[in-house]
Amino acid sequence: MNGQIYSQYFTILKENFPVVVYKNEEIVTHRSHIPRVGMILIEGEIELIKTKTSTLIKPCQSVGIIELWNKTPTKYKIKVFPGTTVLSLDLSTLKSLVDQNIIDQCHFSLG
Amino acid sequence: MFFRKYEWYSSIKGVILSKHISKACQDCPSRMDGVFCELEEASLNDLGANKITNLYKKGQTLFVEGNPPFGLYCISTGNVKVSKLGPSGKENIVRLAGAGDVLGHRSIFTDQFYSATATALEDTRVCFIDKKYILDKVTKEPTISKNLMFRLGRDLGLSENRIASLSQKSVFERTSELLLLLGASHSEETGDGKMITLKLTREEMASYLGTSSETLIRCISELKSEKVLGQVGKSLVILDEEKLVEFANLNY
């Protein structure tokens, strides 16, 4: 999990990334895979599943963004439930927003 | 700060979890069979920097029917089945994709949800390229557009042939046709004939043919009794390809 998104950044992200609704349950990222897209939960449920534990993330929380930016594998499986609405962040748009200084690159680094 | 960091996330530092190996597009074993085969070095490097490569184990899904598309999947190694769920919940395999094939491209160009589910049949290395990048490249690199159009045209032709086969041919003929298809795309020569290397269960083969497992098994037994088909372990071997073509009742 990557963190809580503050409202001023949420508006910028909503302007630049699509809002999508998942019709069917899907494991969008398998354990130790690099996410294809990062997600910010708007409505519904996203579960982060490790070997023995799982966590449900709350609305306005993000998942997979830092791993996508750094191209590092996740430690957990990301499952999206039917009817979930997310903001979908793809790598190309993230890179162009960083290039235009709309998003600060340092927020995507490890450590 | 834009993002808060959580304790368990900080423990990930330095840990490499997967067998993920970043492979350059230039080194891809399917490069010359793929959509990007005619790109120059600089474009391939750019593509390499913008793709995500993952290794899918057998049974893991790449994408699910009815969900939104995010980009294009390029199969580097391995095999994937593309299936749709019927009203009764039964799976129907509509396509088998192998190394060099692309998946998900129709959904990004038509802006519709995925029309089928893609599942790895074995360990499969897949490169994902997001929608924005692909749409941008399609306008700038005519070879990518040309190759994608070629694949769309080829897939349309194959689908039309399948529709005709399903309505006009018997299960026995369709079984022979499927074995010829697998012999052409997923086989290796042995002393006795062509051994089919793609490991499909009888249920999966029956699903592709639109029949029951029992009927398929009867057809396979009949082909074995005709000495057209053999078996080594769990692998089927095509012993007499000419006779199989006759049984498939091909129109050319």
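This is a predicted model: local features need pLDDT of at least 70, side-chain atom pairs count only at pLDDT 80 or more; totals for chains, interfaces and linings use all residues.
Which residue in β7(B) is the bridge partner of Lys81(B)? Residues are numbered from 1 along each chain as its sequence is written, and chains are lettered from A, with ligands numbered from 1, in the order in which they are written.

The secondary structure of chain B comes to nine helices and twelve strands, where helices (H or I, at least four residues) and strands (E, at least two) are DSSP runs numbered from the N terminus. Four of the strands form an open sheet in the order β2-β7-β4-β5 (chain B), with antiparallel pairing; two strands are said to pair if DSSP finds at least two bridges between them. Strands of a sheet pair through backbone hydrogen bonds, either parallel or antiparallel. Because β2 (61–63) and β5 of chain B stand at the edges and have a single partner strand each, one side of each is left without a neighbour in the sheet. Neighbouring strands of this sheet are turned by 30 degrees against each other on average, direction ignored; for such angles, axes are lines fitted to C-alpha atoms, for helices over the stretch in contact, and the values run from 0 to 180 degrees between N-to-C directions.

Within this sheet, strand β4 (residues 80–85) of chain B pairs with strand β7 (residues 117–120) of chain B in the antiparallel sense over four bridges. The opening question can now be answered: the bridge partner of Lys81(B) in β7(B) is Thr119(B). Helix α7 (residues 202–209) of chain B packs on the sheet and touches β4 and β5 of chain B, its direction making about 90 degrees with that of β5(B).

One residue of helix α7 of chain B is Glu204(B). Glu204(B) is in contact with Lys81(B) and Ile93(B), leaving aside its neighbours within four places in sequence; a contact requires that the C-beta atoms of two residues, placed from the backbone, lie within 7 Å. The C-alpha atoms of Glu204(B) and Glu91(B) are separated by 8.8 Å, although the two residues are 113 residues apart along the chain. Why does Glu204(B) count as partly exposed? Glu204(B) has 19 other C-beta atoms within 10 Å, and a residue is buried if 20 or more other C-beta atoms, placed from the backbone, lie within 10 Å of its own, exposed if 12 or fewer, and partly exposed in between.

By this count, buried residues make up 36% of the 252 residues in chain B. Strand β1 (residues 51–56) of chain B is mostly covered, with six of its six residues buried. Lys51(B), Thr53(B) and Leu55(B) lie on one side of β1(B), and Ile52(B), Asn54(B) and Tyr56(B) on the other. This strand pairs with strand β8 (residues 124–130) of chain B in the antiparallel sense over six bridges, and Ile129(B) in β8(B) is the bridge partner of Lys51(B).

Chain B is divided into domain 1 (17–165) and domain 2 (170–248), with bounds that come from an automatic or database domain assignment. Their C-alpha centres lie 26 Å apart, and the contact takes nine residues from domain 1 of chain B and ten residues from domain 2 of chain B. On the domain 1 side, the largest share, three residues, comes from strand β5 (residues 91–97) of chain B.

The largest nonpolar core has 82 residues, and among the members that touch the most others are Met39(A), Leu62(B) and Leu103(B); such a core is a set of buried Ala, Val, Leu, Ile, Met, Phe, Trp, Tyr and Cys residues joined through C-beta atoms within 7 Å. Both domains of chain B give residues to this core, so it lies between them. Leaving aside neighbours within four places in sequence, the contacts of Leu103(B) include Leu62(B), Tyr73(B) and Val80(B).

Chain A also has an open sheet of four strands, in the order β3-β8-β5-β6 (chain A), with antiparallel pairing. Its edge strands are β3 (26–29) and β6 (54–56) of chain A, each of which pairs on one side only.
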